[in-house]
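Take a look at the structure below. This report walks through a few of its helices and residues, one step at a time.

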Amino acid sequence: MMINKKLILEVRSSIQYIRKNVLYQWGMLIANILLTFIIAGVISNALAGVNMKLQSLLSAGVLAAAILLLRYWFGCRAAINSERSSHAIKQQLRTKIYQKMLSLGSSYHERISTSEVIQVSVEGVDQLETYFSSYLPQFFYSMLAPLTLFAVLLFFNWKAATVLLLCVPLIPVSIAAVQTFAKKLLAKYWGKYTSMGDRFLENLQGLTTLKIYQADERQQQIMREEAEQFRRITMKVLTMQLNSITIMDLVAFGGAALGTAIAILEYQNQAISLQAAIMTIMLAAEFFIPMRLLGSFFHIAMNGMAASDKIFQLLELSADETGEERLVEDPFPIRFSKVGFSYDEKKNVLSNIDLTLEKGSFTAIVGESGCGKSTSAALLMGDRKRYSGNIFFGRQDAKELTDKERLRFITRITHQAYLFSGTVRDNLCLAKPDAADEELWRVLEQVQLAAFLREEQGLDTILKEQGANFSGGQRQRLALARALLHDSEVYIFDEATSNIDVESETLIMKQIEALAKTKTVLLITHRLANVMQADRIYVMEAGKIVEEGTFDSLVKKEGAFARLWSAQQSLENYGRENDDE
């Protein structure tokens, strides 16, 4: 009943804490039985008119106090092991999820959405924390407690003990009756939950865009509709829980009442003693309390099972990575051979791409927006892996390399390079954790950020999330400084000069051209003036390479490149004329 062996084996270290939790709960039950025995004895003697000596009463009181202290200690130990179990679950599952995301690498979004990963890692793991710390211990204790009570009461009132034991299974039977419906309902609940999370995260990330186009009201209405659907499914879950709890209460109270009635009848027929009758009455509820509590945890367990399904879906994703983490002696030349790619298998984004990056070369890919330039870079970085054809690093197929090995010798700088909240030093040291301050200042001098930072707090200057307190040009310069510090063999600049000021663009292009003298550089850009110094230029149209050559040779061909160059020159000249006016 709601026991997932696969899940338990996935987090084996929690088993020891569950065992101890059950053992201490059983110790509390034994203490309760002993305490009940003492109280029943005192009450039965008092009702029977037996004159008990003060010393006997004091002894009973001291013994009862000692049992209460022991019961308190058992309770504390059970709570401690419950806490340890939940801590172990969180640590192990989130570590496994993190390791899985690392193995999936930057191409994880081909398999699962970011919001679902977040929800599984946070809410999903929290649900399983309760499953392991509360439900599982209670499940095993609920099996043990009625048998223990039956064994004890058998010596005092075998009829009531038998009836009470037979009534206990009615609670799990009632739980099982709603289990099939509950499982389907909770699967639907989690589906709505993750869907709403996807929508919320997307709207939050694109809030500025929604405001610009005044589309926030429309998206808000969609969110309202999804929230209403989620509210309805939540209310169904709560209704199911309330109904099942009502059924369990009827069984528990009815069973306890039946046991009590049998005890009274047996006493009236002088079949049992008054002490036995009192003990039966006092312990009748104890038969049902553990199973009743288990029933209240049942819905937690169902949530846990639904969450575990999501977690296992993530953990069982294949990484599509057959390579070993072995060093590539010589990754050059880097070569695309008949490479094709499609996002939805309906329209090709890339078709039969052949291109080569020689060691120490300055190569550029140009073309209009949407022609496949950045997709080519994504394939080279391993962000997209479901492509046709082959990509070679030297003699080795890219599919044989792990992401870790690939990224060892490739650095990419995009127009949206991510900066983390923290200090300038923190962000730079991502590229080289052991870098000395002199090295950090050197790369900052190269990108002309040093003077600005010295007027602030130097390397300890605070950066807000995504560098929100820096200008666009400063953010891009800092990203370039971090890339220079990485000192890899290959640098990919993917529209790295887009959406920044002219001064920053000029500076970055000078650094790219300087870098190309000692490193292999791939520049992806729509601005043709930036590729004049490139050794080889590939021109793309509609996912295909239509031309290749040097800047001068391509202009002379009067083909696709020449048309783009002419159009850009005309636009820039028009802009200058308007400025002069």
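## Serine 504

In which helix is serine 504 found? The place is helix H16. Keep in mind that this is a predicted model.

Is serine 504 buried or exposed? Its relative accessible area is 2%. Buried means under 20%, so serine 504 counts as buried. Setting aside neighbours within four places in sequence, serine 504 is in contact with Gly473 and Arg477.

## Helix H15 beside helix H16

Now step back to the helices. H15 covers residues 472-486, and H16 covers residues 502-515. Their axes come within 9 Å and cross at roughly 15°. Angles under 35 degrees count as roughly parallel, so H15 and H16 are roughly parallel to each other. The crossing of H15 past H16 is left-handed.

Which residues make this contact? H15 supplies Gly473, Gln476, Arg477, Leu480 and Leu484. H16 supplies Glu503, Ser504, Leu507, Ile508, Gln511 and Leu515. By class, the contact of H15 with H16 holds five nonpolar, four polar and two charged residues.

## Helix H13 against helix H15

H15 also meets helix H13, which spans residues 437-446. The axes of H13 and H15 come within 9 Å and cross at roughly 130°.

From H13, the contact uses Glu439, Leu440, Val443, Leu444 and Gln446. From H15, it uses Leu478, Ala481, Leu484 and Leu485. The contact of H13 with H15 has seven nonpolar residues, one polar and one charged.

## Asparagine 530 in a loop

Next, leave the helices for a loop. Where does asparagine 530 lie? Its loop runs between strand S10 (520-525) and strand S11 (536-541). Asparagine 530 has a relative accessible area of 8%. That is under 20%, so asparagine 530 is buried.

What does asparagine 530 touch? Not counting residues up to four places away in sequence, the list is Phe362, Thr497, Glu505, Met509, Leu523 and Thr525. With glutamate 505 there is a polar contact, side chain to side chain, at 3.3 Å.

Note on methods
Residues are numbered from 1 along each chain as its sequence is written. This is a predicted model: local features need pLDDT of at least 70, side-chain atom pairs count only at pLDDT 80 or more; totals for chains, interfaces and linings use all residues. Side-chain values use heavy atoms; hydrogens and water are left out. Axes are lines fitted to C-alpha atoms, for helices over the stretch in contact, and angles run from 0 to 180 degrees between N-to-C directions. Helices (H or I, at least four residues) and strands (E, at least two) are DSSP runs, numbered from the N terminus. Angles under 35 degrees count as roughly parallel, over 145 as roughly antiparallel, 65 to 115 as roughly perpendicular and the rest as oblique. A crossing is left-handed if the near helix is turned anticlockwise from the far one by less than a right angle, and right-handed if clockwise. Contact means heavy atoms within 4.5 Å. Ala, Val, Leu, Ile, Met, Phe, Trp, Tyr, Cys and Pro count as nonpolar, Asp, Glu, Lys and Arg as charged, and the others, Gly among them, as polar. Buried means under 20% relative accessible area, exposed over 50%, partly exposed in between (1.4 Å probe, protein chains only). A polar contact is a pair of N or O atoms within 3.5 Å; within protein, one must be able to donate a hydrogen and the other to accept it, and residues adjacent in sequence count only if both atoms are side-chain atoms.
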